Amino acid sequence: MSNRLKSIEHEIIKCMKCGNCQAVCPLYKETRAENAVARGKVQLAAAVLGGKLDYTAELAHRFDLCLTCMACVSNCPCGVRVDRVVLEARAALAEKRGLPLPHRVAAAGLARPALMQMGMKAAGVTQKLLFKRGERGMSPRFPVGLDLKRVLPALAKKDLKEQLPEKNAVQNPVMRVALFAGCVTNYVYPGVGLALVEVLNRHGVEVVFPKEQHCCGAPLLIHGIKDTAKEMAASHVHMFDAAGVDAVVTVCGTCGEAFRHHYPELLSGRAKDAGKALALSGRTYDIAEFLTDIVPLDHTLLGPLDTHFTYHEPCHVGRGLGAAGKAEKLLKAIPRATYSPMQDPGRCCGGAGSFSFEHYKLASQVLDRKLSDISGTGAGVVVTGCGSCRIQLNDGLAQRKMPQRVLHTVEMLAHSITGAREEGNYNGRQ
Amino acid sequence: MLQKEIINELVKIMGKENVITGREDLLCYSYDATPDVPDPLPDVVVTPVNTGQVSQLVQIARQYKVPLYPRGSGTNLSGGTVPLKGGIVLSLLKMAEIMEVDAENLTATVQPGVIIQDLNNAVAPHGLLYPPDPGTVATATMGGSVAECSGGLRGLKYGVTKHYVMGLEVVLADGQVARFGGKTVKNVTALDMVKLFTGSEGTLGIITEIIVRLIPAPEARKTMFATFTNLSDAGNAVISIVKNKVIPATLEIMDQVTIKTVENFSQIGLPTEARAILLIEVDGIPEVVEQEADTVLQVIQNNNGRVQMARDEQERDNLWAARRAALPALAQVKPTTVLEDATVPRSKITEMLLALEEIAEKYNLQIGTFGHAGDGNLHPTILTDERDKEEMERVHAAVKEIFEKALALGGTLSGEHGIGMAKSSFLEWELGAGGVGVLHKIKNALDPEGILNPGKMGFNGGTGHE
Ligand SMILES: Cc1cc2nc3c(=O)[nH]c(=O)nc-3n(C[C@H](O)[C@H](O)[C@H](O)COP(=O)(O)OP(=O)(O)OC[C@H]3O[C@@H](n4cnc5c(N)ncnc54)[C@H](O)[C@@H]3O)c2cc1C
């Protein structure tokens, strides 16, 4: 158990306690409490290792308070992988203390694709009972473990798996790729998957969509549920290896990180999976990377869009995958579209997967700064590359009654390519 | 543990949310940025939101004789905020308002928890600047930097924190609130108490409000980067730039160990055969800047240096990259980074650099040196591992010898990081018994019970790691 932390000791002792993380930690900015910032968390981990602290409930709460946005990691002079320290600490705490009930239920759902599929379907039907539909989405009717003010997106009437065929072929393909959609794209914003197929097909890329795919496992890993995450990793590694494709393309930085970083690490101890995981890791790309480095965006396909947009860089696309600035550059190529960069596009929006559900107030404070930056640009459209950011941004925009719409990078590109003038979600070929 | 009634009284003053007692949270206030010092837990951490609360809680501390440790961002490098004898850590981070920017009198009034960079962001629209810029501008507080009298990269031309503090509000050890100085450029009313509290490291009073001087931001700047194959050439260049009546805003040096480490770390094309690199920036009125840059170029060439001048912001950024990478690169070599700041008169820079190389060899240690050459303020950085007891003994011996050498050259123990607990045992070397005696008399007069930051600067039984 404590050998979990032991396994990360080399990261913990690298911290020279300079406090540079204070300058960039979104949570520290709000609370100004040392326990919120990376230096504090690393020292807490060190204290546990040194036998000065037990695996207490309070300690678990402290480690819960992290957006895993990695701003500290990229600002750390000593190169401490704070994200890894936090995840190992959470895993150790989960083993020692067990998980709180909501995490257990959610984890069970995410881990069993069939259950999730059914649950989400049922949710689609029953959401009318629990939620009231507003202009911008759904608000809970009763306090179902969610803040009543919160505006959540409605689940898609038809999820992506129901809409998108397994095989999306083109003549003489230049390449065959597999789409990994991720939960939010599959159940909430299926238009993102459709847009991706549209854009890639036009580039002569065949897209297969393995239907058995499920949650990438990152949400479990982030809550310290490592063993289940490992099984999910193995399942995907086999599935996508068997697809025999040239590349795996993702539309969410966290999913991308799962394939590129977490799977090889989770499976490193299993001889039969390790090699495959590593190979898959080497050919996984976020859509912004893919259209920059692998099959470069064909500018002659782009049609004009009379849109004024800004761009929010998701933490795990920018810092996690190291693809900062790539989506921005693609979007800037769209004729007639006006781009106004926001202040600090890479600062976390506070969404961070389920963080915003569990710490609504704090997450909203973090979000408030982002909303001010958005409104400072005067743009009417916010483009981003992650479904979780999109949920968070949409909630904030609705709360503040701001008019902006949120789109995924690949939806913007699809609009430009197909000539669809409206700024809504991508609805597939009209 | 503190008596329950003390905690209750603190809660009465500040409310529950500002009185922290959980072990997990206390642990986060047991350290600052200093390596190789003890890290005992405080009994309680308080976060007052106004001067009245600070005054009241100081009275409680005094009544019960409980030690108090003022704390800003905890980035100091001399153990200044470590709660050495238990008691109350007093975090000033919730008093963080920029109260006024007075463009007519060129002053700003701030609470102690304001971050230096935030002040600069607030005065920039007025075309003004608050020059003190320690490497931690983006994290350090105004209160902490005043209490530490921080320096930075612009010290040579613009001076250090004490040259900008015009007025202070201080809560004294008996809870009284006193104000000294103000917005006037001239003020000789009685003793200069503003200077006394500036750099007092939290041992004489709690700073609760600060009036600082601002200057018009320089309009133009030129940045140059010079490499030398000979250490004394670099040292001579530093001396003769100033002798030629040019005072650069920045005049930084990196030694060969640092150059090699940076290059190894970030591959930015530094000449690893160079014995030293200087980074020079002149700023001010455009015409003057042109002239000064010419003089600097001339001086460097006369001293066998190879020079590069930035033509635009992008090139400036590239030249600065090496200097910015110095500490990060060194810090990644080994787990523990002991950063000293012994300082010598500018004319002794070469001698000090050579002595540092000898000390590194003698004690078989890795020491990379960089720093503010123009100020004679070097940062010999010892790369080590706290867990290696034998090596740590050699580190302590080397540090001692660095101090000896700096003092022998007419320098000082600390140019900007302060004495805290890390250097207190060496104070007598520099000040003599008489000088140290004066410190104690002042301390006893202002804090007779010894409740303010005990164990620092040699007060109340603090002797550092000796
Ligand atoms: C990577 C790195 C680079 C650095 N570079 C520089 C540099 O270039 N130049 C330089 O001079 N320093 C430098 N420092 C040291 C440090 O950042 C400065 O001393 C800084 O100003 C301290 O500010 P702080 O808010 O962190 O103060 P803290 O560390 O919290 O406190 C410093 C001292 O002030 C006292 N104190 C704090 N607030 C108050 C108050 N309101 N009233 C009374 N006493 C108070 C504390 O008790 C303590 O003794 C560096 C440190 C690091 C880690």
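**Exercise 1.** How far from an oxygen atom of the ligand does a backbone N or O atom of B:Gly72 lie?

*Solution.* The model is predicted: local features need pLDDT of at least 70, side-chain atom pairs count only at pLDDT 80 or more, and totals for chains, interfaces and linings use all residues. Side-chain values use heavy atoms, without hydrogens and water, residues are numbered from 1 along each chain as its sequence is written, and chains are lettered from A and ligands numbered from 1 in the order in which they are written.

Step 1. For B:Gly72, the distance from a backbone N or O atom to a ligand oxygen atom is 2.7 Å; a polar contact is a pair of N or O atoms within 3.5 Å.

Step 2. A backbone N or O atom of B:Glu201 lies 3.2 Å from an oxygen atom of the ligand, and B:Asn453 places a polar side-chain atom 3.3 Å from a ligand oxygen atom.

Step 3. Of the 990 Å² of accessible area (Shrake-Rupley method, 1.4 Å probe) that the ligand has on its own, the protein covers 97%.

**Exercise 2.** Determine the make-up of the shell around the ligand.

*Solution.* Step 1. A residue is near the ligand if one of its heavy atoms lies within 4 Å of it. There are 36 residues around the ligand, and B:Pro70, B:Gly72, B:Thr136, B:Thr141 and B:Ser150 come nearest.

Step 1. The site is shared between chains, because residues from chains A and B surround the ligand.

Step 2. Helices (H or I, at least four residues) and strands (E, at least two) are DSSP runs, numbered from the N terminus. H5(B) gives the most to the shell, with 5 residues; strand E3 (68-71) and strand E10 (206-213) of chain B each supply at least two residues.

**Exercise 3.** In what order do the strands of the open sheet of 7 strands in chain B stand?

*Solution.* Step 1. The order is E15-E12-E14-E13-E17-E18-E16 in chain B, with antiparallel pairing; two strands pair if DSSP finds at least two bridges between them.

Step 1. In chain B, strands E15 (306-309) and E16 (336-339) stand at the edges with a single partner strand each, so one side of each is left without a neighbour in the sheet.

Step 2. Strand E17 (residues 366-372) and strand E18 (residues 377-384) of chain B run antiparallel and are joined by 7 bridges. B:Gly368 stands opposite B:Thr381 in E18(B).

Note on methods
A polar contact is a pair of N or O atoms within 3.5 Å; within protein, one must be able to donate a hydrogen and the other to accept it, and residues adjacent in sequence count only if both atoms are side-chain atoms.
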